[in-house]
Amino acid sequence: LFLSYAQVIFSLDTLGTIAFAISGALAAMQKKLDLFGVFVIAFVTSIGGGTLRDLLIGNQPVAWLTSTFTFSLITCCVVVTVLGRKLLVRARQQLFLFDAVGLGVFTIIGIDIALAHNLPYPSSVMMGLFSAVFGGVLRDTLCNEVPLIFREELYATPCVVGGLIYVAAHGLGISGITPLLATVFCVVLIRILALYFHLRLPTINLE
Amino acid sequence: LFLSYAQVIFSLDTLGTIAFAISGALAAMQKKLDLFGVFVIAFVTSIGGGTLRDLLIGNQPVAWLTSTFTFSLITCCVVVTVLGRKLLVRARQQLFLFDAVGLGVFTIIGIDIALAHNLPYPSSVMMGLFSAVFGGVLRDTLCNEVPLIFREELYATPCVVGGLIYVAAHGLGISGITPLLATVFCVVLIRILALYFHLRLPTINLE
Amino acid sequence: LFLSYAQVIFSLDTLGTIAFAISGALAAMQKKLDLFGVFVIAFVTSIGGGTLRDLLIGNQPVAWLTSTFTFSLITCCVVVTVLGRKLLVRARQQLFLFDAVGLGVFTIIGIDIALAHNLPYPSSVMMGLFSAVFGGVLRDTLCNEVPLIFREELYATPCVVGGLIYVAAHGLGISGITPLLATVFCVVLIRILALYFHLRLPTINLE
């Protein structure tokens with residue numbers, strides 16, 4: 001590859017933002033919200049995870065406020081999603097893959113920022129998890145649904161497993177593109193296996 | 001007028017706080033919450049928008065924590081609303097106007113603070129919007145209703161339009177009372193027109 | 001007692017964290033969430049109040065991110081709660097006491113941190129209240145229940161009364177273990193009396 005590490009992270013971040021903006025816009029249209037609601041849900045789904053992470057770590061003003069890039073990108077995604085909605089609804093499976101890549105990418109970005117603030121490994125994995133899933137939790141809460149994270153087949157687990165891999169590589173001093181690709185690959189793989197085989201974590205019987 | 005710009009802002013801020021505290025207290029009484037619940041909802045409605053804005057920008061401790069003014073003001077509003085509830089329920093239309101002024105004022109205050117932190121214009125308009133509407137979103141969520149912002153006739157749009165006017169004036173170098181009054185007037189006007197003519201943003205059909 | 005003030009605070013903080021982690025884990029199991037969901041709810045219930053307090057005051061990175069202690073402690077609590085769930089469900093009354101002590105302790109810790117940031121007394125009492133009850137509000141919201149704080153007999157009142165006692169002692173220059181014990185005792189006592197005599201704050205009739 002001819003891209004630097006920073007360029008790879010930036011490209012993946014952009015990809016994740018797009019994936020989540022589209023998934024948010026589609027969810028809002030399914031709930032028959034008006035155009036403003038569609039934009040809000042797309043926006044919140046895209047930036048929710050990163051915002052929570054930045055607030056907890058103390059990284060303020062939060063990233064998307066300081067430039068117009070994220071704002072413009074999400075606006076474009078909403079316009080494209082609204083115009084191309086029939087195509088996108090049919091492309092469910094490709095979108096699922098897209099979304100899984102987004103999960104993996106946001107996990108990595110969350111961990112990178114946490115490590116840059118000298119947080120310990122467990123906290124860093126948790127910041128990766130929060131970055132990846134909190135946008136979706138907000139989307140589901142605002143759309144008045146039980147958050148996907150509490151009902152779907154292994155939504156958070158891939159982020160935790162991927163995060164552990166990434167943090168292990170960091171601890172072993174392995175850097176560069178390899179741990180990044182391994183993490184994203186692992187997240188996508190677990191998501192696919194979980195959906196295909198209907199894997200679930202066990203629930204506990206109180207009686 | 002014989003007031004300085006800071007005094008006008010302070011007066012309008014006070015007016016907005018009162019308007020939202022009353023609307024929160026009335027909503028909580030309608031839900032038959034106890035006295036504590038009425039106070040909490042009034043408080044959250046009043047300070048929710050500004051708190052979210054201050055957190056995202058990194059303006060901490062958030063404004064209402066550092067003095068007892070906001071706290072005392074909201075306490076007074078709750079007492080007055082509880083005692084004068086019959087009068088206030090009959091004065092729905094006047095309250096609606098009051099609330100619309102609050103929306104306009106909080107939009108301006110949010111934008112002013114964002115611009116003081118050198119945020120770009122789109123982010124500043126968004127901070128104005130958040131300041132204006134997030135208190136109401138919290139009120140509706142805590143009262144277990146679908147947020148007004150997602151169901152009522154143009155609740156967020158006037159703040160966005162007003163915010164664009166205010167930011168345009170700032171960009172053109174126009175300062176002082178004029179853009180302030182133009183913004184509030186515009187917000188109130190759109191709110192009234194929207195309610196009177198049942199204006200709505202279009203929803204998008206997924207099929 | 002042979003413990004220093006800091007050691008007493010640390011011990012009580014640990015006690016409160018354990019109490020809330022267990023109450024969160026039990027609530028999540030009752031909702032039949034999977035193991036991950038049980039952990040998330042236990043975690044959020046434990047650290048929710050302190051996190052909101054730290055965000056509002058600007059105490060970042062929030063406390064539980066900077067070490068692995070809280071994380072490990074809550075993980076242990078979840079494991080113990082899952083394994084010992086039959087015992088814990090039968091020990092409801094002891095858990096209630098435990099939870100009441102947690103409320104009192106977190107009230108004190110919230111006020112201590114607020115005073116250390118030179119916040120005025122009313123804001124400090126409010127930070128004590130938020131620290132104590134917000135974890136429970138998040139737990140109930142995520143479990144899709146009307147927050148306990150809005151429906152149960154005097155859940156917030158003991159924290160406010162206890163907070164006023166603690167702040168009064170501070171204002172009179174009384175420090176050390178005495179105001180601390182008085183506050184916790186008072187919170188626990190009001191909780192017990194409220195539950196035993198079904199005390200409630202009055203609701204207001206809108207008609």
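Colleague: How many aromatic pairs does the structure hold over all chains?
Modeller: This is a predicted model. Counted over all chains, the aromatic pairs come to 21.

Colleague: Take Phe43(A) and Trp64(A): is the pair stacked or edge-to-face?
Modeller: A pair of aromatic rings is described by the distance of the centres and the angle of the planes. For Phe43(A) and Trp64(A) the centres are 5.0 Å apart, and the planes stand at 85 degrees. Planes over 60 degrees apart count as edge-to-face. The angle of 85 degrees therefore makes the pair of Phe43(A) and Trp64(A) edge-to-face.

Colleague: Which parts of chain A does this pair tie together, and how many residues apart are they in sequence?
Modeller: Phe43(A) belongs to helix H2, residues 35-57 of chain A. Trp64(A) sits in the loop between H2 and helix H3 (69-83) of chain A. The pair therefore ties together a helix and a loop, and the separation in sequence is 21 residues.

Colleague: Where in chain A is Pro61(A), and is the peptide bond from Gln60(A) cis or trans?
Modeller: Pro61(A) is in the loop between H2 and H3 of chain A. Omega of the bond from Gln60(A) to Pro61(A) is near -10 degrees. That peptide bond is cis.

Colleague: What is omega for the peptide bond from Gln60(B) to Pro61(B)?
Modeller: Pro61(B) is placed in the loop between H2 and helix H3 (69-83) of chain B. The bond that joins Gln60(B) to Pro61(B) is cis, and its omega is near -10 degrees.

Colleague: Which residue just after H5(A) takes a positive phi?
Modeller: The loop in question lies between helix H5 (92-116) and helix H6 (121-142) of chain A. Coming just after H5(A), the residue is Asn118(A).

Colleague: In chain C, how far does helix H5 reach, and which residue with positive phi follows?
Modeller: Helix H5 of chain C covers residues 92-116 and has 25 residues. Its first and last C-alpha atoms are 36 Å apart, close to the 36 Å expected. The residue that follows H5(C) with a positive phi, near 60 degrees, is Asn118(C).

Colleague: What area is buried between chain B and chain A?
Modeller: The size of an interface is often given as the accessible area lost when the parts come together. Here 24 residues of chain B are in contact with 30 residues of chain A. Carbon and sulfur atoms give 75% of the buried area, which is about 2,400 Å².

Colleague: Which helix gives the most to the side of chain B that touches chain A?
Modeller: Across this interface the rule finds zero salt bridges, and three residue pairs are in polar contact. Helix H2 (35-57), helix H6 (121-142) and helix H7 (148-151) of chain B each supply at least two residues to that side. The side divides into 18 nonpolar residues, five polar and one charged. With six residues, the helix that gives the most is H6(B).

Colleague: How many salt bridges and how many residue pairs in polar contact are there between chain A and chain C?
Modeller: The contact takes 24 residues from chain A and 30 residues from chain C. The buried area is about 2,400 Å², with 75% from carbon and sulfur atoms. Between chain A and chain C the salt bridges number zero, and the residue pairs in polar contact number three.

How values were computed. Residues numbered from 1 in each chain as written. Chains lettered and ligands numbered in written order. Predicted model: local features only at pLDDT ≥ 70, side-chain atom pairs only at ≥ 80, totals over all residues. Heavy atoms only, no water. Helix = DSSP H or I, 4+ residues; strand = E, 2+ residues; numbered from the N terminus. Expected span 1.5 Å × (residues − 1). Contact = heavy atoms within 4.5 Å. Buried area = accessible area lost by both parts, 1.4 Å probe. Salt bridge = Lys/Arg side-chain N within 4 Å of Asp/Glu carboxyl O. Polar contact = N/O pair within 3.5 Å; in protein donor to acceptor, adjacent residues only side chain to side chain. Nonpolar A, V, L, I, M, F, W, Y, C, P; charged D, E, K, R; others polar. Phe/Tyr/Trp six-rings, centres within 6.5 Å; stacked < 30°, edge-to-face > 60°.
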